Each structure stands twice: as C-alpha cells, then as structure tokens.
Amino acid sequence: MADNRDTERNALTVGKWANLFMAFAGVLTAWLSRSDAMMVDGLYSAVNFVSAVAAARIGARVGLPPTRSRPWGHDFDEVLYVTFRSLILVGILVFAAVVSGLKIWTFFTGGEVPELVFGPIVFYSVAIVIICLALAFNYHRAYKATGKRSALLKTESKAAMIDGALSVGAGAALLSLPFLEDTPLGPYVPIGDAVIVLVLILAIIWQPMATFRKTLADLAGVSAPGDTYAKVLRAARDLAREKGFRLQRAAVLQAGRMHYAAVYIDPEKPVLAMEIDEFQSELSERLENLIGPTRAEVIVTARGQLPASQTLLPKNG
C-alpha cells in the first residue's frame, strides 16, 4: 500500500507542474494569438493543475484506518474529488461555449471580431501535444503499477488525453483557417475560432458528464455493479457454509477504489464474539483478493431476506 501511494504521488506531482506550465502557456498563447480556443485549452490545464494538487492530498488519505472524526475513513474523499472536478470541467466548457456563441453573434450583427495571429499557435500546439502524451503515458503506467485501482490516476490519465486531443484539434483547425480564404467559406474565417471551440466542446463534454453520473451514483449509496455484488455474495456464502452459518443477505457499495461490504449472517448456534471477528477477517482477506480494497462488516441477525420493496439490488442487475 505504501509503495502504491508513493507511485501515485510521484505521478501526480509530475502532472501538477506540467499542467501549471501548460496553463500559463495556454493563456499566453491565447493573448498573443487572440484565440478563444487557446484560452479554453489553457483553462483546462489550469483545472488539471488545481486538481493534481487536491488529488495528491486525497490520495495520501485514501485507505487510512478510520478515526473518531471519520469513522468510515477518508475513502469517499476520492469520489467527492472526481465529482467536483467533473463539474468544474463542465462549467469551463459551458463558459467557453457562451463566449464563442457571443463572438458568433457579434460577427453576424455587424460587430468587429479580432483577427487571429497564427504564429504562437504552431509552437504551442506542438509542445502541448508532446507534454500531454507523456503525461497520459506516465499516469497510465502508474495506474497499472498500483493494480488499476486508483480512480485518481485513471481520471488524470483521461484528462491528459483529452487535453492533448483538444490541443491537436484546436491547433490543426486554427492553422487550416487561412487556406479557406479563397473558398466559399472565406467570409466566415473570422469566426472559425469560435466554431472550432463549439465543435471541440461537443466532442469532449460527454467525458466529464459520464464521470459525474458515475460518481454521483457512488455518493448516493447506489449498490456496486452486479459482477462485484455477485463476487461478494459468493465469497460470503462459501465462507458462511464453511463456518456452519446461514448467510441472510449482503449489501455492497463502492467509493472510488474502496468497497464497503455488509454481510448479514445467522450463526444458528451459540458463538463467541471472537468467532465473528475471525469470520470478518477471513471474509475481508478473500474480498481483497477478489474485488480489491474492501471494508467488510458482519452483522449477526435472525432476519431473512428483506421484503421485495426493500431488497438490496446491485446496479445493472
């Protein structure tokens, strides 16, 4: 666990400073080139920088033992981070869409639209694409090295790829605008930058929206995916059978890389508290190997299955 945290922290540190550089470069390029697309790219990198700072702090706490103030640990911090990060990205994209829409409105109502300066865009696009590809590779390498369980690294890897794609698309599209001067689209070249921004937004906004929907389900306490639920139920049933207990039911939640499993059993005989503790320890070990980090709780009860209206059903099943 300590090695995984170090690997994650190192990857996030590299990403933090790389995104800070790209944020300044994007804003500077936007100012020099008068391009809204470059401004969106720079703001996206700025969000990635702030996110990397927050992610490093959160990653150091995930998996730590519960405390009096945090009786369930800090695992939901990871889900909160991914949720709000997605919302911020959606907000930036919506803001960029409004700005581009206003530029298009200004053009068609006879207002003046600044002419683009293409020189800075060339250097910026090439440099940013190289940096983003290197970052995505570094995040993915760290994600695999930590057992593919870090939602932080997975999210940052996708963000780096999106940032790179944004830079490639924006740069290539902007640099192609001068070639349209002598075509029927020539009169609309001044708003080509705004149109490119809108197209890029439509192409990438689905990613943070999809992430937001998933993490919102985790925060709402929706049951873990069906395959995860089935593995927990099978492991609990097998262990209960070995111990001579009756398995009543199970509930499974997921918070980022951590799972929460509540297993309800009826011993059907007198037992010592120590036997229940041993059951919990063995179940936790089995679930760790099956689904990853898990906080398992065992509840002794004589109640059987819940009524149909209260049955704990897994997501997607």
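## Pairing of strand 2 with strand 3

In strand 3, A261 has A296 as its bridge partner, and Y260 is partnered there by R295. Strand 2 and strand 3 (residues 294-300) run parallel and are joined by seven bridges; two strands count as paired if DSSP finds at least two bridges between them. Helices (H or I, at least four residues) and strands (E, at least two) are DSSP runs, numbered from the N terminus.

The structure is a predicted model, in which local features need pLDDT of at least 70 and side-chain atom pairs count only at pLDDT 80 or more, while totals for chains, interfaces and linings use all residues. Residues are numbered from 1 along each chain as its sequence is written, and side-chain values use heavy atoms, with hydrogens and water left out.

## The sheet and its neighbours

The three strands form an open sheet of mixed pairing, in the order 1-2-3. Strand 1 and strand 3 are the edge strands, each pairing on one side only. From one strand to the next, the twist averages 15°. Helix 8 (residues 226-243) packs on this sheet and touches strand 1 and strand 2 (contact means heavy atoms within 4.5 Å). The direction of helix 8 makes about 145° with that of strand 1; axes are lines fitted to C-alpha atoms, for helices over the stretch in contact, and angles run from 0 to 180 degrees between N-to-C directions.

Strand 1 (residues 246-255) is antiparallel to strand 2, and nine bridges join the two. R249 stands opposite Y264 of strand 2. The two strands form a hairpin with two residues between them, and G256 in the turn has a positive phi of about 65°.

Strand 2, helix 9 (residues 273-291) and strand 3 make a right-handed β-α-β unit. Right-handed means that, with the strands pointing away from the viewer, the path from the first strand over the helix to the second runs clockwise.

## Burial of strand 2

Nine of the nine residues of strand 2 (residues 258-266) are buried (under 20% relative accessible area; exposed is over 50%, partly exposed in between; 1.4 Å probe, protein chains only), so the strand is largely enclosed by the rest of the structure. In a regular strand, side chains alternate between the two faces of the sheet. M258, Y260, A262, Y264 and D266 point one way, H259, A261, V263 and I265 the other, and all are buried.
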